[in-house]
Structure formats: structure tokens, C-alpha cells
Amino acid sequence: MTLIATRAIPVEARRQGLGDGVEAIDLSWRTGTEIRGLDLTRPDDIPETTIQELMRLVSERCILLFRDQVIDHDQHLAFTRRFGPLAKTGMIDRYAPPGYPDIYKLTNMKVDGERWEVWDAARLWHSDQSFMQEPAMGSLLRCEIAPRLGGNTIFANMYHAYDRLSEGFKQTLAPLQAWHSIANIPRRPDKKWKPYDPGEEVAAGAAHPVVRTHPVTGHKALYISEHFVASIEGWTLEESAPLVNFLNNFPKRPEFTYRHAWRPGDLIFWDNRCALHHAPEDYAVSQIDAPENHRLMYRTTLAGDRPY
Ligand code: OGA
Ligand code: MN
């Protein structure tokens with residue numbers, strides 16, 4: 001039997017603005033593009049035109065993947081800052097590595113003998129910091145240690161999910177706002193959280209439109225969160241439940257998603273305005289302390305998701 005080689009994917013003309021030697025290879029039909037040929041150890045050397053094109057591409061493709069990037073916290077922050085200011089607060093600084101208050105550390109490994117509080121923070125689908133008045137525009141998550149099996153992240157393309165709704169339903173959704181709050185996080189009964197000060201901005205919650213128009217692409221996207229949304233503004237919880245349940249579940253359909261199996265050195269930049277994400281517990285959680293199940297990730301977060 002002869003195997004027929006897959007045709008090389010051409011770098012489309014509209015992506016040539018990335019610059020010499022930089023390639024964009026799509027990861028799936030509508031979601032995700034791998035960027036090859038960039039060295040993130042020297043983010044300040046990347047031409048501004050390349051940065052602008054990456055911003056345009058992430059807005060269109062929802063996530064960008066950079067592989068084999070061995071970088072430290074300073075390089076990670078410097079690369080992030082090329083795209084705009086960092087998100088000012090949120091939950092990040094509670095879970096920062098020493099000396100880096102703008103970095104969010106996610107790990108299932110014990111730190112000082114204790115389980116890291118946010119080891120399962122992405123258990124449910126969400127868009128980062130949607131519980132804030134100004135949610136995170138983008139997030140850049142890099143992997144230092146990946147479990148031998150699993151430990152994946154799944155991304156949902158919210159343009160695609162929106163496009164698949166009927167015209168009649170789109171009209172119904174158009175004027176609605178959803179209430180996003182950390183108070184809505186379905187708690188694990190066995191888990192204790194450090195309390196939030198009621199005055200903290202993260203504790204206040206925020207209303208956001210259910211359908212948003214992306215400022216870069218001009219396309220509409222669903223904006224919802226299984227993690228943070230339980231009601232529609234002005235509706236009771238009971239009235240909201242069927243619609244919220246539908247909206248939270250619809251984007252999970254496989255055709256809207258891209259699933260990433262992390263390798264150490266991977267960095268994914270996602271656009272929270274058009275993507276949801278979730279980390280399924282697809283590794284041996286009962287043996288969470290076995291080295292082969294260890295997972296260590298660091299995230300930086302971009303501010304600026306206003307106006308929408
Ligand atoms: C995050 C997040 C997902 C993961 O960093 O915001 O949700 O797979 N992470 O760790
Ligand atoms: Mn997240």
C-alpha cells in the first residue's frame with residue numbers, strides 16, 4: 001500500500017505580514033494556528049509588524065501555539081507586554097511565583113507540602129477574568145512540566161458556536177447580558193478556599209453581553225461561562241437556568257473545539273474574547289503526586305478587554 005503524503009499547507013498570502021522565516025500552520029479548520037520561526041527568548045527583537053499580525057491572527061483563529069520555547073518569567077512577561085498592558089489584578093497575584101505578581105502559577109504539584117489551591121482552576125469552561133468589569137483580553141500559558149498522559153487543555157471557538165445558532169435564537173440573545181461572578185463557581189465540597197475580602201474587585205462580579213462583537217475581526221461571538229455564569233441580568237436564577245444551561249453546554253460540541261496535548265516548551269496565546277477553555281481531569285488524579293502526573297504551567301494575562 002502506498003501512503004499519500006498530506007499536501008503541505010501553503011502559508012496564505014494574508015499571513016505573509018508575519019515576516020521572513022515565520023510560518024503560520026493551522027491546527028484545525030477554524031481554531032488554532034501554530035507559529036513557527038519565532039524565538040521568544042528575545043521578544044524585543046520581534047518586529048512590530050509581526051506583533052500586529054500575530055494580534056490579528058489570534059483574533060481570527062482564537063489561539064496561537066508556539067512550540068519549543070524555553071523561556072523564563074521575564075521573557076514570558078516581555079513577550080506578553082508586546083501585545084499590550086498586563087491585566088491589573090484578578091486572582092493572579094494570590095497564585096504568583098515569588099517575585100512575579102503578574103504571573104499565575106497553575107500546578108498539581110504540592111508547594112511547601114500543600115496542594116496548590118488552583119490545581120483544578122480550569123475544571124469548568126470559562127474565559128479568563130470574566131468576573132471582572134474589564135475581563136482579560138488574552139492569556140499566554142506556557143508549559144514547563146506536562147503529565148505523561150493527559151493534562152490537556154480544550155479550547156472552544158465561540159465565533160463558530162455563535163454561527164451555528166439559528167437566526168431567531170440569535171435575535172433573542174442579542175439584548176441579553178449574563179452575570180459573571182466567582183460566587184457562581186460550583187464548589188467542590190471537599191475543597192476549602194482562602195476567603196475573599198468583599199471589597200476586592202474580584203469579588204464584585206460583572207455583567208457582560210451574551211453576544212459580543214470582536215473589535216479586531218468585527219465578528220460576533222458567544223460570551224458565556226460554565227464556571228462563572230448562573231443567571232441572565234434581570235432574570236431570576238430559576239428563569240435563567242434552562243437558557244444558561246444550554247448556552248454553557250452548546251460550545252462544548254467537538255466541532256467547535258481544539259484539544260491541545262501539552263509538551264514542555266509549548267506556549268499558547270489565546271484570545272478570551274472569542275475562545276473558552278477548560279482543562280479536563282484526563283490524567284490519573286488519584287495518583288496526582290506521582291511524578292509522571294505532574295503538571296506545571298505559568299500564565300500571563302493581557303488587560304484591555306473594554307470597550308467591546
Ligand atoms: C488558565 C487556565 C488551563 C490549563 O491558565 O487560565 O484556565 O489547562 N488554564 O491549565
Ligand atoms: Mn483560565
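Where does D112 lie? D112 sits in the loop between β5 (110-111) and β6 (114-115). A quick note before the close-ups: this is a predicted model, where local features need pLDDT of at least 70 and side-chain atom pairs count only at pLDDT 80 or more, while totals for chains, interfaces and linings use all residues. Residues are numbered from 1 along each chain as its sequence is written, and chains are lettered from A and ligands numbered from 1 in the order in which they are written.

**View 1. The protein chain, to get your bearings.**
The protein chain has six helices and 17 strands. Helices (H or I, at least four residues) and strands (E, at least two) are DSSP runs, numbered from the N terminus. Of the 308 residues in the protein chain, 38% are buried. Buried means 20 or more other C-beta atoms within 10 Å of the residue's own, exposed means 12 or fewer, and partly exposed is in between, with C-beta atoms placed from the backbone. Take the contacts between residues at least 6 apart in sequence: 80% of these join residues at least 24 apart. A contact here is two C-beta atoms, placed from the backbone, within 7 Å.

**View 2. Two aspartates with positive phi, D68 and D112.**
D112 has a phi near 50°, a positive value in a residue other than glycine. D112 is exposed, with 5 other C-beta atoms within 10 Å. D68 also isn't a glycine, yet its phi is positive at about 55°. Look for D68 in the loop between β3 and α2 (73-81). D68 is exposed too, and its count is 12 other C-beta atoms within 10 Å.

**View 3. The shell around ligand 1.**
A residue makes the shell if its C-beta atom, placed from the backbone, lies within 6 Å of the ligand. The elements that give two or more residues to this shell are β7 (138-145) and β17 (296-302). Sorted by class, the shell has six nonpolar, three polar and two charged residues. Ala, Val, Leu, Ile, Met, Phe, Trp, Tyr, Cys and Pro count as nonpolar, Asp, Glu, Lys and Arg as charged, and the others, Gly among them, as polar.

**View 4. β7 with its partners β15 and β17.**
Six of the eight residues of β7 are buried, so β7 is largely enclosed by the rest of the structure. Two strands count as paired if DSSP finds at least two bridges between them. β7 runs antiparallel to β17, joined by seven bridges, and antiparallel to β15, joined by five. R142 is a handy landmark: its bridge partner in β15 is L267, and Y298 in β17 stands opposite R142 as well.

**View 5. β3 and the β-α-β unit.**
β2, helix α1 (residues 48-61) and β3 make a right-handed β-α-β unit. Right-handed means that, with the strands pointing away from the viewer, the path from the first strand over the helix to the second runs clockwise. Strand β2 (residues 33-36) runs parallel to β3, with two bridges between them, and E34 stands opposite L65. β3 pairs with strand β15 (residues 267-271) in the antiparallel sense over four bridges, with L64 opposite F269. In a regular strand the side chains alternate between the two faces of the sheet. In strand β3 (residues 63-66), I63 and L65 point one way, L64 and F66 the other, and all are buried.

**View 6. The open sheet β10-β9-β13.**
This open sheet has three strands in antiparallel pairing. β10 (206-209) and β13 (229-232) stand at the edges with a single partner strand each, so one side of each has no neighbour in the sheet. The twist averages 35° from one strand to the next; axes are lines fitted to C-alpha atoms, for helices over the stretch in contact, and angles run from 0 to 180 degrees between N-to-C directions. Strand β9 (residues 177-180) and β10 are antiparallel over four bridges, and Q177 has P209 as its bridge partner in β10.

**View 7. The open sheet β14-β8-β16.**
Here, too, three strands pair in the antiparallel sense. The edges are β14 (257-260) and β16 (275-278), each with a single partner strand, so one side of each is left without a neighbour in the sheet. From one strand to the next, the twist averages 20°. Strand β8 (residues 153-157) and β14 run antiparallel, joined by four bridges.
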